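Hello,

Here is the model I promised to pass on.

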Amino acid sequence: MTSPFLEVEDLRTVFHTPRGDVCAVDGVSFRLTAGETLGLVGESGCGKSVLGRTVMGLVSNSRTATVTGSVRVGGVDVHGLKPSERRRLWGPEIGMVFQDPMTSLNPVKRIGTHLTETLCRHLGCSRSEARKRGVEMLREVGIPEAARRMDQYPHELSGGMRQRVVIAIALACRPRLLIADEPTTALDVTVQKQILDLLASLVADRHMAMILVSHDLGAVAGRTDRVQVMYAGRTVESGATGSVFDDARHPYTDALLGSIPRLEDPPHTRLRTIEGTPPDMARPPAGCRFRPRCARAEEHCGHVSPVLASLPAADTPGAGGRQVACHYPIVLEGATRGR
Amino acid sequence: MARRILVPLLELLAVLFLVSVGVFLLLALVPGDPAVAVLGEGRTPQEYEQLREQLGLNDPMLVRYGDWLGGVLTGDLGTSLVPPQTSVLDRIVSALPVSLELAVLGLALALLIAVPLAMWSAYYQGGRVDRAVSVATFALLSMPSFLIGLLLIAVLVNALGLFPRNEWVRPGDGIAQNLAHAFLPALTIALMEAAMFTRILRADLVTTLREDFILAARARGMSPIRIMLSDALRPSSFSLVTVLGLSIGRLVGSTVIVEYLFSLPGMGKLVIDAANQGNYPVVQGAVLVIAVIYVASNALIDRSYGLLDPRTRRAHV
Amino acid sequence: AGCAGSDGSGGEKTPSSLSKEEIYAAGLVGEQQAGDPVDGGTLTLADYSEARSLDPTKTIPNGAAGGNALAAVYDVLVRYDQESNSFQPWLAESLTSDDDTTWTLKLRQEAAFSDGTPLDANAVVGSVGYYMENAGYNTLLLATNIKDMKPQGDDTVVFTLHKPWSTFPNMLASGPGMIMAPAAYRGGPDKFTPIGAGPFILDEYKPAEELVLKANPDYWNGKPHLDSVRFVWLASDDDRVKSLADGTVDAANIRAPQALEKARKDGFRGLMFPNGVGSIYWLNNREGRAASDVRVRQAINYAIDPEAVAQRVNGGAGLPGRNIYSPTAPYFAEVETADFDREKATALLEEAQADGYDGKLTYIGQSDQASQTQAVTIEAMLEAVGFEVELDLLRNIADQTERIYVTHDYDIAVAGMSIPDEDPYSRLATNLNSKSPQNPSGYANPEMDALLDKLQAASGEESTDLLKQINELWQETIPGVAMGAGAFFIPWNDNVAGVQATSETLLLLGDAWKS
Amino acid sequence: MAGSGTAHLRPSQERALVVDDLVVEFPVSAGTVHAVSGLNVDLLLGETLGILGESGCGKSSAGRAIMQLPPPTSGSVRLGDVELSGMRPRDMRKARARMQLVLQDPVSALNPRRKVKDLVTEGLRIWGWGDRDEETFVDELLLSVGLDPQTVRERRPHELSGGQCQRVCIARAIAVDPDVLICDEPVSSLDVSVQAQILNLLEEARERVGLSMVFIAHDVAVVKNISDRVLVMYLGKTCEVLPSSSLEDARHPYTQLLLASVPGAGGDAAEAPPVAVDLPSPLDPPSGCRFRTRCPLATERCALEEPQLREVAAAQFVACHHVQELSR
Amino acid sequence: MLTSDPALPVTLPASAPTRDRRRAGGLVGAGLLVGGLVLAWCAWEMTSLVTLVRVLLLVAGLLVAINGLGRLAQVVCGKPVDVVFWLAMAWLTLLLAAAALAPWLPLGNHADSVAGLSSPIFAEPGGLGAEHPLGTNNYGLDVLSRTVHGARTSLVVALLAVLIGTVVGGLVGLVSGFVRGATDRVVGILANTLLAVPPLILLIALGTVLEPSVRAIAFALSLLTIPSMVRLARANTITVAQREYVLAARAIGAGQVRLMLREVLPNVLLPVLSLAIVMISVLVVAEASLSFLGIGIEQPEPTWGNMIAEGQGGVMEKHPFIVVVPGICLFLTVFSFNLLGEKAQKRWDPRSAKL
Ligand SMILES: Nc1ncnc2c1ncn2[C@@H]1O[C@H](COP(=O)(O)OP(=O)(O)OP(=O)(O)O)[C@@H](O)[C@H]1O
Ligand SMILES: Nc1ncnc2c1ncn2[C@@H]1O[C@H](COP(=O)(O)OP(=O)(O)OP(=O)(O)O)[C@@H](O)[C@H]1O
Ligand SMILES: [Mg+2]
Ligand SMILES: [Mg+2]
């Protein structure tokens, strides 16, 4: 195996808010090699975006936040860098695609300005050179009439088109790691597919590493190599995508999969539900954070936090590296489960 | 398309019409006989009566209003009752540049103070500077302009002798002199306005800085200064521009206190003096002109958003 | 006359310890700059108020109303000399009379208007005619007195009066004596252009801002030393003193007692014009008003303490007192005055109330702070003796003028009267004569009318005696509440010299210079 | 597609709601937005009709026009046997109460200044309590939507989670005992786990109270799960009407595109990314078949002639000129 | 979210503020408080210094003291405390109490000018316990008493005007924003008309027509508040009326009036009230400006404005306390109302919480 391009070790992000400290990311670790795609899934508020931003270094130690643990990108500790050095990473090393293409483009700047200023800053190319490359980038992400689009304002484009622009900007400096934070949540289904396909093909072409953040399990399922399921700031389960979705071991993952209506099921099929709501992150429950909603919880779960432990390879046919944080993981009942 | 230009225009005209009616009526109710204002004391009752007749003061209100409005529409705002009996228009033409200069200088100074301050405190939101700026701007906003003016005069003119005493020098008589004399009054205006501008711009900047596109710009590796200047400032300036526009219109008539304190021959002083002398044509004319400026500047501001925000540009063209 | 304080004696004392008498001494004040006049420069005068117009018929031609600018443009035929207390020919070569009834005015050959036309007898007759036609200040006084005004030849005008008038020259020292060129008024009052024979010519006028006059090279008395004079009008006497002190202006025109005393104590040179009854409360004597009853007038007069008012309104400055003449006036005499006496006031008021008076008074004044202070003080004093006072503080001058002079709708109103040294007659007659249209109080006393008639013709001792009788009659019948003498002070900076005074506190700037 | 037609209506059966040629247009500065152009729908008693379509295709506009909020530009809406268009305002208010609306964003659909108990009883406060006891009514109602009356009754919306708010909305809607419930994307803003709770709740409520329901959504799987019949909309027009059980057999090219876009385990990633196309604007919709600009089957005919809905299989109606080629 | 920018000074995590550090913070706070107060007191006493320097020292001392108080409060309460805000509230409470109880407080003569005839004028402030703790004015009236009674008038005028403005402006804005259409147009034109005339000039014009009574001044001032109230209420109504809960209420069958009163009004009320608080401070200043120009409430009835105006004409130079006392009261009050208004707006009307 090649050495990992991204190493995240016991990452913990704490926000200091007036209501108290919020531990939005609580001891997450993972590795990612070039060409690999990692899916981060979980319900709203479970810390996916904060994790993405902390990995990038956009959230770092400050008056309002404390970050511990380490993030190494290409061997460099992101949080040990000076701000100006870190800025130099953003673009050529790490790119980011945001959830909402409506708000992640400056409404008063032309598309072209967004692209060229990034190129000028990082590659030091001249304006005309940057413009040429910008047009190329737009073409590459499948935008027709790219040259004309350069002079348009974001509001003059459709949502899907805008998201393509955002991707083009993120990829303009050919980063080696792309963090896509729910890149398709705001888009229509038909467009969503196009964008996900686009990202997948770009990652493949450029041999990039990508973190795909999503709460849509379906979106992650087809397009990632590995997946991490998060709940209340912690990783509850991780492993090869197919393996996790086909036989979930954590009660949360299992319940989540069961609560999604499937096209294959006949109409009026009752869905499985997870009762209750995710915990308030300022006052998380003791022990396992999923305990209050968990059907399998025992007394023990309320006291001791389960650690993310690897499952024995024998237990996980097909793929290795499965990890689960549960005292009472679901035990395989043969091949009947899954989709 | 025609509708979109015509309707606001008609509304503007309606506003101006109402202002003219209001001003006319109000001043018609004010005690004090214009004939006395013209002739001064010590004339025979017949003389006053004769003049009243001559001025049309005995006509019904509607006729008088009609006459006045007719004059206004043909560019004749009447003649000052109290000598120097120059035409009202002349008086306004000589007073307006003073007020405009004060307003423009004051606003320019205010922006000069407010923009960097707001950017600084928005960037270090919640920090020491931010808190200090917040308290200081509040303190300024809490001080009536006459107190600020009195303080500035007491300190800068009387105690330190840094600036020349009141009196106005027209730009035509030397720009340097003019600026030296205009500085203190402009500063008084600027301090008030700067406090307001700072708060408004800071609040908008803070909101903008929370936007995704700022985060996105950071994620592209842009430097903080560049982000503040080229990404945050423009989208945050809509409220400021609105207030700025309102201020220009408002200041032309609202520098009263400052003009009074520094005895500058601007619109405010013109109106107050005229009001004190019972010189109605001047008051009416001046208020009407101020209203026109206010209404016009507002309309211009409304139309200028397109320059700042391309999203609205299309809708206006 | 009152030039005593001006020379020498004041020099030894430091100005800051000046006594009231010294402060209010008439004439030139302080050591004047010696040396030869210097040509050139602009003299900036912070005048008391802006002339309503450069048309003398529209402006009260005195120093307080902006007459200085008029005097500079038109000059005056006759000049009052403070030092000798007499009228001297000025623009005219001479003004003579044997009987005070027929006055012969002889004009100078060299005098001409600035448009080049000659200042001849016809011009004078025309100018005075225009003045009276357009009802310039004092027209009524002139009209009732002048029987005839005729040019004799090119350079002489003969004024024939109905009866002797010893201070007639004073008329030609102010408004009527400002001779306008025929071209000035040819188009009528609406097209008036200021053309005169004075030392200066209109250069630039910005209403409410400044008036600039430039030197008239053909001035009869030789080209003025100054290139130009500039009139500006600041907000208050305080401002004028401060601007004078920091050199923004070269000379100022000051009336408020506090500022005036401060300017004197600060050692400014200048001209002092004291006058009688600088401040007065007119009482409405007319039928149907409370003060038509002499007891009410007396009660009001006794109730008000000029000292206390001066203390509160002017911080103690001024010359509070009841004598209607300035203590420095040449004709000043002690009389028994109706001084502040609360008991007398109460008693008189009770008497009047017993006859059905309800004790109510309406006070009118302006609404600025100083006027409010005055109003509140007077109100307090009157209420302290049992009056019930309603304050009516008016917001515009036209309203006040209307109430006092036109509709006469007031009981007690604050005003000024300023009886000058040079011509007490005309001021007294205008204000007290029962037939005068400018008699604000409606005071009608045949005895007073008779005294005034006699005063017109009188001169010297006789006149002083008549003035004393008038004063006594005033103290007895109280046309208004006299609050004490006042003064005008024209301070200037040390580099200014040659400013001359004339009557009505007017300045003549033809000889002025600045180093 | 984007056709029209009435072939799919079922006049012979007992219908709770009949919508006839509904047109909704909004005048805007740049012209007219054709949000809904001639929608024909009927809803049988106890049936759930799903309306499926992309953002901006006029789903919400149609739903609101049915509620007469605001009344449609033209077209008639019959609720039971009451014709709603052209009613007097008071009668309209009364009739409207027999239909109820559940909206996408539960938080903004609740007045932040009012307590839960006031919110759910608003309808009865307006129309009268009848012989009901307020207390017990509120408690029963809240229980029926799975909320604990004790904890929730006195709270205000901001003290509730999104899912709880949506439950309050549903409680409020069924409190007035409506005949028809219109749900405008009631689960789109919710997390998957909560989405399942709400979908189950709606099913239960429908069964218990005997509601007819119009369910608007853009998620194919959700619509399939809850509806009996699905109507697919594109740019204000109907593409296809079919029983939800046979949704996977959809014929219309647009429905097929929708189905293919559903993210699933079998994502077919590696092909070349498709080039973006500008979607047609409702300000100036394409002539003929509105889908033709994106349709792989489009021919000249599609631009000239508007396709009509016709039955291509049992209870399956498609508006497409090329439907024959598709049929077996 | 620039808050997390690394350029910010990095402070240690607040997770475990040790006991020692807390004690140190408390000591620093107490030190600053005492030091500041001493400095202020010295400045007050050091008559030998130039007035300007004294004033600067005084202000600096007070600021240091407030800073110290803040630190102290943080230590005592365990979290940051907005001392300035609480001081301001304390001031407002004190002021309102004093104003409300003024007739029953043992205060000197505030408006009886007849009695004032026999009192000394411009008596210097005598400090606590003296007959005239803050001196007397030009009419021999007690400055302390006048300040308290002046607060009464100033506040009554401002509150009355705000009340009129809020009720009238708020209702008009509510109706016009809810009904829209022609009504809205007409209301807009009327509001613009009022705005087009400069406020002070409008007041001057009104001042010449109206009697200078509390009621008339309040009425005139309320005209200033009405247009902005209308605008705010209207804008908020329009936003609220588009909210889905209004749609939902409509769907249930609520009528127009019910919608307006039950659904819209409660949501418009708080922003309107927050503006009203800010308006109080604006009007206190406006009233003062009017009195300064001589068109407000007339002497001897005290208001802060006409008390400040007493300083004109050289009085201020000789007897600074005449202006300083009401000036400081005015400043503190306006400052406090502004602070309160901003807090309220931040909480209830984030859209306009910029001032
Ligand atoms: N700047 C911040 N200050 C304080 N708390 C924060 C901050 N940013 C995020 N949080 C908190 O951290 C937690 C995780 O937020 P995050 O945005 O990562 O969730 P998410 O998984 O991305 O959810 P979503 O799917 O809604 O985007 C939330 O409880 C949020 O309130
Ligand atoms: N009040 C309105 N004024 C103008 N245009 C409107 C209005 N409401 C909706 N539209 C337009 O009508 C079209 C249909 O809107 P509608 O809200 O019905 O779509 P939708 O299918 O519900 O979309 P979504 O899934 O985003 O909710 C859109 O183009 C929209 O922009
Ligand atoms: Mg997120
Ligand atoms: Mg919708």
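Let me start with the first ligand. H1(A) supplies the largest share of the shell around ligand 1, namely three residues. Helices here are DSSP runs of H or I with at least four residues, strands are runs of E with at least two, and both are numbered from the N terminus.

Before going further, a few conventions: this is a predicted model, in which local features need pLDDT of at least 70 and side-chain atom pairs count only at pLDDT 80 or more, while totals for chains, interfaces and linings use all residues. Residues are numbered from 1 along each chain as its sequence is written, chains are lettered from A and ligands numbered from 1 in the order in which they are written, and side-chain values use heavy atoms, with hydrogens and water left out.

**Ligand 1**

In total, 14 residues surround ligand 1 (a residue is near if one of its heavy atoms lies within 4 Å of the molecule). The closest are Ser44(A), Gly45(A), Ser49(A), Val50(A) and Glu182(A). The site is shared between chains, because the residues around ligand 1 come from chains A and E. By class, the shell holds six nonpolar, five polar and three charged residues. Nonpolar covers Ala, Val, Leu, Ile, Met, Phe, Trp, Tyr, Cys and Pro, charged covers Asp, Glu, Lys and Arg, and the others, Gly among them, count as polar.

For your contact list, a polar side-chain atom of Ser49(A) sits 2.5 Å from an oxygen atom of ligand 1. A backbone N or O atom of Val50(A) is 2.9 Å from a ligand 1 oxygen, and a polar backbone atom of Cys46(A) is 3.2 Å from one. Taken alone, ligand 1 exposes 630 Å², of which the protein buries 69%; these areas come from the Shrake-Rupley method with a 1.4 Å probe.

**Ligand 2**

Ligand 2 is also surrounded by 14 residues, and the closest are Ser55(D), Gly56(D), Lys59(D), Ser60(D) and Ser61(D). Strand S1 (15-28), strand S2 (31-44) and helix H1 (59-67) of chain D each supply at least two residues of that shell, and H1(D) gives the most, with three. The classes come to six nonpolar, five polar and three charged.

A polar side-chain atom of Ser60(D) lies 2.4 Å from an oxygen atom of ligand 2. An N or O atom in the side chain of Glu185(D) is 3.0 Å from a ligand 2 oxygen, and a polar backbone atom of Cys57(D) is 3.3 Å from one. On its own ligand 2 exposes 630 Å², and the protein buries 63% of that.

**Elsewhere in the model**

Is Thr225(E) buried or exposed? Thr225(E) counts as buried, at 1% relative accessibility (buried is under 20% relative accessible area, exposed over 50%, partly exposed in between, with a 1.4 Å probe and protein chains only). Thr225(E) belongs to helix H8 (residues 214-242) of chain E, and its side chain reaches the backbone oxygen of Ser222(E) at 2.8 Å. Leaving out residues up to four places away in sequence, Thr225(E) touches Ala161(E), Gly165(E), Met279(E) and Leu283(E) (contact means heavy atoms within 4.5 Å).

Chains C and D do not touch either, with nearest C-alpha atoms 50 Å apart.

Best wishes

Notes: A polar contact is a pair of N or O atoms within 3.5 Å; within protein, one must be able to donate a hydrogen and the other to accept it, and residues adjacent in sequence count only if both atoms are side-chain atoms.
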